[in-house]
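Student: I would like to learn how to read a protein structure. Could we go through one feature at a time?

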Amino acid sequence: MKWIKVKNKTEMACIAADILCAQVLLKPESVLGLATGSTPLCVYENMVKRYQEKKISFADSKTVNLDEYYGIQPSDEQSYRYYMDTNLFHHIDIPPENAHVMNGMAKDADEECRRFTGLIHALGGIDMQLLGIGHNGHIGFNEPDDHFTMDTYCVTLSESTRKANAIYFKNGLSDMPEKALTMGIRPIMQARRVLLIAGADKKDILQAAFNGPVTPQVPASILQLHRRLTVVSCEE
Ligand code: PGA
């Protein structure tokens with residue numbers, strides 16, 4: 001594990017974008033696993049800037065997103081499809097058919113999870129997975145539990161995650177979906193490289209995840225067992 005501690009979000013975004021762009025420069029047809037939330041926003045901004053400056057092309061890249069709320073339309077401003085389109089995909093040259101997000105409106109959630117698992121296999125697996133970390137240690141929407149869920153699945157969101165994310169919904173908690181589709185631990189651990197980014201507000205949970213025991217009560221702690229993990233965290 002390589003842990004890079006930087007001063008602030010600006011530095012974090014720059015280093016994370018360097019790492020993701022290096023992956024794409026070295027292997028243009030890379031499969032990138034992408035994440036949402038507030039932390040990756042500045043990383044995507046950096047990637048867009050590099051594309052606009054013609055330093056990189058994503059024309060041959062493929063992406064798969066970690067998770068999506070279940071029961072909201074892709075066109076809904078709170079959906080992760082909308083987030084990815086507006087913060088990254090619409091500003092770079094990735095072909096729309098290469099940018100994959102689970103369908104939060106799928107009638108059969110389990111079937112959608114199986115489809116996504118098959119898709120990741122068909123793409124040859126994930127070359128680099130970008131992750132944030134929740135205050136409760138979740139990665140994707142793998143919430144603290146008494147076991148790790150390996151396969152991609154439909155999860156009931158924890159109260160703390162619903163509260164943390166309710167600020168993004170017009171009517172707060174009442175609008176917030178109760179369920180989400182998330183990559184399970186297996187596809188995340190099978191990614192060839194993992195890049196986890198965290199702001200200064202995540203210091204305590206980073207300590208628990210990487211200096212404590214591997215436990216499903218802190219889902220990110222499983223990453224201690226990943227051979228090619230890079231963490232970029234902010235001091236302030
Ligand atoms: P955040 O979320 O970047 O909005 O803090 C991270 C996460 O919950 O994975």
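Student: Which residues does Leu131 touch, not counting residues up to four places away in sequence?

Tutor: Keep in mind that this is a predicted model. In it, Leu131 touches Ala35, Leu66, Ile139, Ile188, Val194, Leu195, Leu196, Ile197 and Leu223. Leu131 itself is found in strand E6, which covers residues 128-131.

Student: Is Leu131 buried or exposed?

Tutor: The cut-off for buried is under 20% relative accessible area. Leu131 has a relative accessible area of 0%, so this residue is buried. Leu131 and Val24, for instance, are 107 residues apart in sequence and 17 Å apart in space, C-alpha to C-alpha.

Student: Strand E6 also holds Gln129. Which residues does Gln129 touch?

Tutor: With residues up to four places away in sequence left out, Gln129 touches Gly33, Leu34, Leu66, Met183, Ala191, Arg193, Val194 and Leu195. Take Arg193 from that list. Gln129 and Arg193 lie 64 residues apart in sequence, and their C-alpha atoms are 6.3 Å apart in space. Gln129 counts as buried because its relative accessibility is 0%.

Student: What about Thr230: where is it found, and is it buried or exposed?

Tutor: Thr230 is found in strand E10, residues 229-234. Its relative accessibility is 7%, so Thr230 counts as buried. Leaving aside neighbours within four places in sequence, Thr230 is in contact with Lys2, Ile4, Ile19, Arg193, Val194, Leu195 and Leu196.

Student: Now a helix. How do I read which way its residues point?

Tutor: Start with the general idea. An α-helix has 3.6 residues a turn, so residues three or four places apart point the same way. Then look at a case. In H5, the buried residues are Thr161, Arg162, Asn165 and Ala166. They are on the same side of H5 because they cover an arc of only 130° around the axis.

Student: What covers the buried residues of H5?

Tutor: The cover includes E4 and H3.

Student: Which residues of H3 are buried?

Tutor: Helix H3 runs over residues 80-87, and Tyr80, Arg81, Tyr83, Met84 and Asp85 are buried there. To read their surroundings, list the elements they pack against. For H3 these are strand E2 (31-34), helix H2 (41-52), strand E3 (62-65), strand E4 (67-69), strand E5 (99-100) and helix H5 (159-166).

Student: Where is Phe148, and what does it touch?

Tutor: Phe148 has its place in the loop between E6 and strand E7 (153-156). Beyond residues up to four places away in sequence, Phe148 touches Ile185, Val214, Thr215, Pro216, Pro219, Ser221 and Ile222. Phe148 and Gln217 are 69 residues apart in sequence and 8.7 Å apart in space, C-alpha to C-alpha.

Student: Is Lys54 buried or exposed?

Tutor: The cut-off for exposed is over 50%. Lys54 has 75% relative accessibility, so it counts as exposed. Lys54 is placed in the loop between H2 and E3. Its backbone has a further feature to read: phi of Lys54 is near 60°, a positive value in a residue other than glycine.

Student: How do I read the protein as a whole?

Tutor: Begin with the elements and then the extent. The protein has 7 helices and 10 strands. Its radius of gyration is 16 Å, close to the 18 Å that the globule rule gives for 236 residues, so the protein is as compact as a globular protein of that length. The C-alpha trace spans about 45 × 40 × 35 Å along its principal axes.

Student: What share of the 236 residues counts as buried?

Tutor: The share is 54%. For the contacts, consider those between residues at least 6 apart in sequence: 77% of them join residues at least 24 apart. The accessible surface comes to about 10800 Å², and 51% of it belongs to carbon and sulfur atoms.

Methods: Residues numbered from 1 in each chain as written. Predicted model: local features only at pLDDT ≥ 70, side-chain atom pairs only at ≥ 80, totals over all residues. Heavy atoms only, no water. Buried < 20%, exposed > 50% of the residue type's maximum accessible area, 1.4 Å probe, protein only. Helix = DSSP H or I, 4+ residues; strand = E, 2+ residues; numbered from the N terminus. Contact = heavy atoms within 4.5 Å. Arc of directions from axis to C-beta. Rg over C-alpha atoms; globule rule 2.2 N^0.38 Å. Areas by Shrake-Rupley, 256 points an atom, 1.4 Å probe, with all protein chains shown as cover.
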